[in-house]
Amino acid sequence: MKKTFALIFTLLIGSVLLAACSGGDSKGGEKDSDKTEITYWQYTFPTKVEEIDKIIADFEAENPDIKVVAQDFPYDQYQNKIFAAVEAGDGPDILNIYNGWISKFVDMDYIQPIREEFMSKDEISDYYVDMIQPYELDGEYYTLPVAVRSLALFWNKDMYKEAGLDPESPPKTWDELIENAKAMTEMTDDGRYKKEGFGWNAAGQGLHEFQQVLLRQYGVEPYSEDASKVLWNEKQEGYDAFKYWMDMTMVHKIGDPDVGNTYREAFLAGLAGMIVDGSFAVGDIQNANFDWGVTTLPVLEEGGLQSNYASYWTNAIAKGVEGKKLEASEKFLAYLIQEDVQRDWLENIGELPASKALIEDAELANDPTYGPFIEGLEYAHATFFVNEDKERQIIIDGVDKIRLENADYDETFDDIVKKIQEVRDEFFDKQ
Amino acid sequence: MATNKETIEKKTLSLQTKKALIAYSFLIIPVLFYLAIRIIPAFQAFLMSFTTSSSSAFTLENYQKLVQDEVFWKSVKNTMLYVVIVVPLQMLFGLLLALAIERMGGKFKWFYRVVFFLPYMTSIVAISWVWRLLYDPNSGVLNEILVKLHLPTQEWLGSPSTALISISIVIIWQMMGFCMLLFTAGLQVIPKQYYEAANIDGATKWQLFWNITFPLLNPTIVFLAIIGVIQTLQTFTQIANLTGGSSGGGLGGPLNSTMSVVVYMYNEGFREYNLHYAAASTVFLFILILIVTLIQFRTFNKSYKL
Amino acid sequence: MNTKKNSIGKVIVNILLILGIGAVSFPFVWMILSSVKSTADFYTFSFWPQSLDFSGYRYVFEKTDFTRWYLNSFIVAIVVTVSNIIFCSLIGYTLAKYRFTGAKLIFLIILSTMMIPTEMLIIPWYVFSSDFGWVDSYWGLIFPGLMEAFGIFLMRQFMASVPEDILDAARIDGMGEFKIWLRIAMPQVKPAISALAIITFLGNWNAYLWPVIVTNTAQMRTLPVGIAMYGTSDAGGIQWNTIMAMSSLTVIPMIIVFLIFQRQIVEGIALSGTKG
């Protein structure tokens, strides 16, 4: 026992000394008083972290008077970290956030608008693809993205062959998708999926697929101009679209969210014939050990309206950043959103350029992997969320009620719309 | 005579005071530490629950909202269910394991102990991925076994009626090693000669257990019951890892069927950024735990000397 | 006859234990096997790897600050464990063996601190750390766990069973109160101290929520934070073999710590056997 204690004490003293030393190290580096230091926060996306480090090195070489410190945090605690730090007055100067959080962060007074002198509203809307426009809040833009993402349909060519389908002709319409998926779906005797034709989950891209693609294709504009009203069930077509979406699972039985952890994992495991996923999934799917292809999202009938959903991670300057730090932050942002950076970003990370000019670049549009995503961007819509987590949860719960408890479609649909409307009312009443 | 007695009393009195002073001196640093790290922040949270983010005036708004929220009551009900399912079973399995390994003897005791303690040591992120795969209703190993045994397959984490049980199984799987460890420690403190004496009297194994082992394990049992309840009433990590994250959606699904009070609090505080409201649910949980713990102390005090 | 019955019982217990081992360690073994699968192989969801692929381990050592995280976790866990052994047994002893006004109240207050979920204390702790400049430092990682109410309660339960007469005998011999605690009471509860050491070490080795909030730089991360960084589906894919490799590597020192202290528990038998 004594020996153990002696050992532990030695270790303890050793580690405290070590801690003291390394603590000293980090303080030693902060003495450059002529340099303006700004901090940039992002969540941990390994390739993005590497890319940002590279960009910072280039930027610092051009701007020797500015030092940019980039820090990253695990995704599941990223919002909490921001929350805790801002509450303690300890937040960063620039935050990389999801577009769905913008309204919440503006509401919480965490971020400041982009100054007119830095980049005017006209400059912003000229420079960027149109889909960022819903996020003009009270006549101000708060964030500038580097890249955007849209959806496309991935299909497993091997599974197509096995099911006797042509592996080179993916579905063009939703009806075709259902037909192909049925051919690929295999069930056990007791009604469990061995393989699913179409992997989906309302919690993943499913809800976006519905509200920005199916609804629009049925002729329903999902939200009012100012985003304050939810219009999904304004017309009978809304109910029809919802029924069509739910019937895929409930009637046609072409797939279920429970197959293989997530639909992307199911697809990778060769358990799902098709999935709808974002361009950021390419990195993962490249590792698949089967032949696959990617194409634009289906339409209702050939020649019908094409639609897509877009989202983006974007950069905001924190509230309270001013003077030299504000100037430095703006300089860094300007550097970050350059077209050259956007090109590299696509190559290394797989997120699409956010600038209008680049999207129209023919070379990019013909890329076999990214082409369908870039094409999708032309007609993509970004949903203006007032509270992304809550709105998403409402849809998930509604879908689960149907899936798991056989709830009535129309009633559930009305209930979803009512609840989302309440969330929006709460937000807009405060404004 | 009388003066003699008085001096003795004085002496014991001063000894008592001296001992009390020693006790206080031992306790002063820890108590200050607790005040700073736990009690003051908790008190702040308590005060916060009576205000809102927009005004610091006293209000019961948060509590009114809380009692009206169905999801909150569901989380309270779920939390109670977790306690009722998890605590007795993890203690029972822990005790059986400790006794079995003790009984078995031999050189490989350490091996058994390590294996049954492994789940408690393993990172929950990695292991919950494996559990989700085992639970997969379509191709998971568990359902395959059920099919082989000609039993009906289950939806496991996928259905509101079985999700809570499925999570409880993972918690028990993790915690029974912990209980085993403490029971093992508890068994060591029981003096051997009690058994020797009873053996001479010709007691059966069963009698030995009920008359010696069980009563003398009492401090450990009380400890595990109270700690188990306090921990289980605050269940969070396993729920967060088995229901949220890469399976998409919020924590505590499907249809809030696995939501505990702490998950509810976490969602409100850190997803909705409404700390005042989250504080109100914490106060509720605190009172709940306090009541349950006091009842437990009462019961244990009645049957045994604590 | 009795011995025959005994040996049959032993066989049954053994069989049950071995079955239990299979059931309990199955997910764990799967984790280890998954750490040597290639990414494509990983998604076949099969138990055995098709071929051994150490790219997960290579990634861990080449691309991450894994050794640094290891060191950080070690420092934090050791400091907190030592602090808990000392303070919890001292406080537990005081609460169990001294009668003084307020003893019950202090015990209840300490116990009640366990009833507030850590999640709620994170913001106050962060503000506190920020004021003291502890964010992104070892102190920041360590301070909330220095004296766990859990340990105090455990030690109080075990200290209560230390016979009063041994302590009084030491007093008559003129031993100081502090020495009595250290020399007489502590050895009596060795199994409990060992259990406390194991549990505290593991609790801190695996702690996630607070370390992720209080650290900013890669150099200050602990192992669970490092693991979580690769567990985001929105990050170009979850690198499962990396996660599994890190988790497998993380368990090894814990097994060692467990083995050291569980021997202490067993040695405790001999001690109380001869003494009692």
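**Ground rules.** I am working with a predicted model, in which local features need pLDDT of at least 70, side-chain atom pairs count only at pLDDT 80 or more, and totals for chains, interfaces and linings use all residues. Residues are numbered from 1 along each chain as its sequence is written, while chains are lettered from A and ligands numbered from 1 in the order in which they are written.

**Entry 1, domains of chain A.** I looked up the domain assignment (bounds come from an automatic or database assignment). For chain A it gives domain 1 as 33–149 + 311–381 and domain 2 as 151–309 + 384–430. The C-alpha centres of these two domains of chain A are 29 Å apart. Their contact takes 20 residues from domain 1 of chain A and 23 residues from domain 2 of chain A; two residues are in contact if their C-beta atoms, placed from the backbone, lie within 7 Å.

I then took the side of domain 1 of chain A that touches domain 2 of chain A. At least two residues each come from α4 (102–107), α16 (371–378) and β16 (380–381) of chain A. Helices (H or I, at least four residues) and strands (E, at least two) are DSSP runs, numbered from the N terminus. On that side of domain 1, α16(A) gives the most, with four residues. By class I noted nine nonpolar, seven polar and four charged residues on that side. Nonpolar covers Ala, Val, Leu, Ile, Met, Phe, Trp, Tyr, Cys and Pro; charged covers Asp, Glu, Lys and Arg; the others, Gly among them, are polar.

The axes of α9 (residues 236–250) and α18 (residues 409–430) of chain A come within 10 Å and cross at roughly 115°. Axes are lines fitted to C-alpha atoms, for helices over the stretch in contact, with angles from 0 to 180 degrees between N-to-C directions. That makes α9(A) roughly perpendicular to α18(A) (65 to 115 degrees). From α9(A), the contact uses A:Tyr239, A:Phe242, A:Lys243 and A:Met246; from α18(A), A:Tyr409, A:Asp410 and A:Phe413. I recorded five nonpolar, no polar and two charged residues in this contact of α9(A) with α18(A).

The assignment for chain B gives domain 1 (1–48) and domain 2 (61–303), with C-alpha centres 36 Å apart. I found 13 helices and zero strands in chain B. Its C-alpha atoms fill a box of roughly 85 × 65 × 30 Å along the principal axes.

Terms used: Angles under 35 degrees count as roughly parallel, over 145 as roughly antiparallel, 65 to 115 as roughly perpendicular and the rest as oblique.
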